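Subject: Structure handover

Dear colleague,

Here is the structure we spoke about, with some notes on what was found in it. Please read the notes with the model open.

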Amino acid sequence: MTNSVRHYYAGGNTAKGFYSLYDSVLADLERVYILKGGPGTGKSSLMKKIGHLMEEKDLEVEYLHCASDNKSIDGVLLPTLKIGIVDGTAPHVIEPKAPGVIEEYVNLGVAWDSSKLSEYKDEILALNRKISDKFNEAYDTFAASLRAHDDIEEIYISNMDFSKANQLTEDLIVRFYGEQSLAKEPKVQHRFLGAATPNGAVDFIQNLTADISKRYFIKGRAGSGKSTMLKKIVAAGEERGYDVEVYHCGFDPNSLDMVILRELGVAIFDSTAPHEYFPDRESDEVIDMYETCITPGTDEKYEADIARTTKAYKDKMKEAISYLAEAKQLRDKLESYYIDAMNFDIINQITEKLTTEIELFISKEK
């Protein structure tokens, strides 16, 4: 097997609240271990340990990162084995399809001392309320930021040549797929390439496109048709039987930021802030939506309005991130109570048991 390690998000803190794509991310798995337990019970460490062990065995490993804690993960997947281990606590509650057949619950709460936790009952309840309040403040502020972003979009939409945008999209669809189609059911996976985190915007574009031979960098302004183009490329690929990785915007999940067609060795993504990149390979290509589709001089004509709405958007984004950072600090305090009450020897035993079960699956595959 070829060693391939990929990083992305299955859930995010967005302008629509916490937004989950877990149903799509876990859809093809035949064995899912759902970890239950409070904060600080070792869920992330357990998953990282097993992920690293599987990397050493040259298995494909996918890490689902946590949007609320930059150092934690929410899951680790072994796609070739169709096995996943995920954090099943709020806000990413996972509805099982066939408990005991596909999904198996793993209770890390067996390792805590309930009597010790009870001593801090009032503090724990108070922290949970404060954390929830901070997340709600973040979501409300992201929503306000999105409204400001929509104001920016309106300027460019009103100055856009949609016929040129449609023609550019059709040209790319022909370039990608030609007249070909595959006689199979396409696999369409929905993910996030990045997220708003306590440390600001984070993305994994470079990791996800590391083995892609042809990358297209879409440049343009808000409202210049980038997401619409990507949605049409997804639909065309699905219609022709191609597997499609669909990466949603971590700020506005109704928009798309990237599409990867691994069977064709193609990736096309929105390469504007906060995930702005520039070509660094000979095969990389830029698609400039502003130059192609927007009335020349729009930036200059509406300079004052654009500056005003952009400031409002950025100020609200910064404020929302600050609420995520405050929630993280409160959660760290909450975790400290659980860490103090945990017997991590028991967690190590659970980790070893899961590792043994997974290794049995590996041996069956050989």
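Does Cys66 count as buried or exposed? Cys66 counts as buried, because its relative accessibility is 12%, under the 20% limit. Please bear in mind that this is a predicted model.

Cysteines

The number of disulfides comes to zero. For Cys66, the closest cysteine sulfur is that of Cys249, 18 Å away, which is too far for a bond because a disulfide needs the two sulfur atoms within 2.5 Å. Cys293 is buried, with a relative accessibility of 2%.

Helices H2 and H11

Helix H2 covers residues 43-56 and helix H11 covers residues 344-365; their axes come within 10 Å and cross at roughly 35 degrees. The crossing of H2 and H11 is right-handed. On the H2 side the contact is made by Leu46, Lys49, Ile50, Leu53 and Met54, and on the H11 side by Ile350, Thr351, Leu354, Thr355, Ile358 and Ile362. Sorted by class, the residues of this contact are eight nonpolar, two polar and one charged.

Helices H5 and H7

The axes of helix H5 (residues 162-177) and helix H7 (residues 226-239) come within 10 Å, with a crossing angle of roughly 35 degrees. The crossing of H5 and H7 is right-handed. From H5, the residues in contact are Asn166, Leu168, Thr169, Leu172, Ile173, Phe176 and Tyr177, and they meet Met229, Lys232, Ile233, Ala236 and Gly237 of H7. The contact of H5 with H7 divides into eight nonpolar residues, three polar and one charged.

Thr272

Thr272 lies in the loop between strand E15 (266-270) and strand E16 (285-288). Thr272 is buried, because its relative accessible area of 15% is under the 20% limit. Its side chain is joined to that of Asp270 by a polar contact of 2.5 Å. Leaving aside residues up to four places away in sequence, Thr272 touches Ile218, Lys219, Gly220 and Lys226.

Regards

Conventions. Residues numbered from 1 in each chain as written. Predicted model: local features only at pLDDT ≥ 70, side-chain atom pairs only at ≥ 80, totals over all residues. Heavy atoms only, no water. Axes fitted to C-alpha atoms, helices over the stretch in contact; angles between N-to-C directions. Helix = DSSP H or I, 4+ residues; strand = E, 2+ residues; numbered from the N terminus. Left-handed = near helix turned anticlockwise from the far one by under 90°. Contact = heavy atoms within 4.5 Å. Nonpolar A, V, L, I, M, F, W, Y, C, P; charged D, E, K, R; others polar. Buried < 20%, exposed > 50% of the residue type's maximum accessible area, 1.4 Å probe, protein only. Polar contact = N/O pair within 3.5 Å; in protein donor to acceptor, adjacent residues only side chain to side chain.
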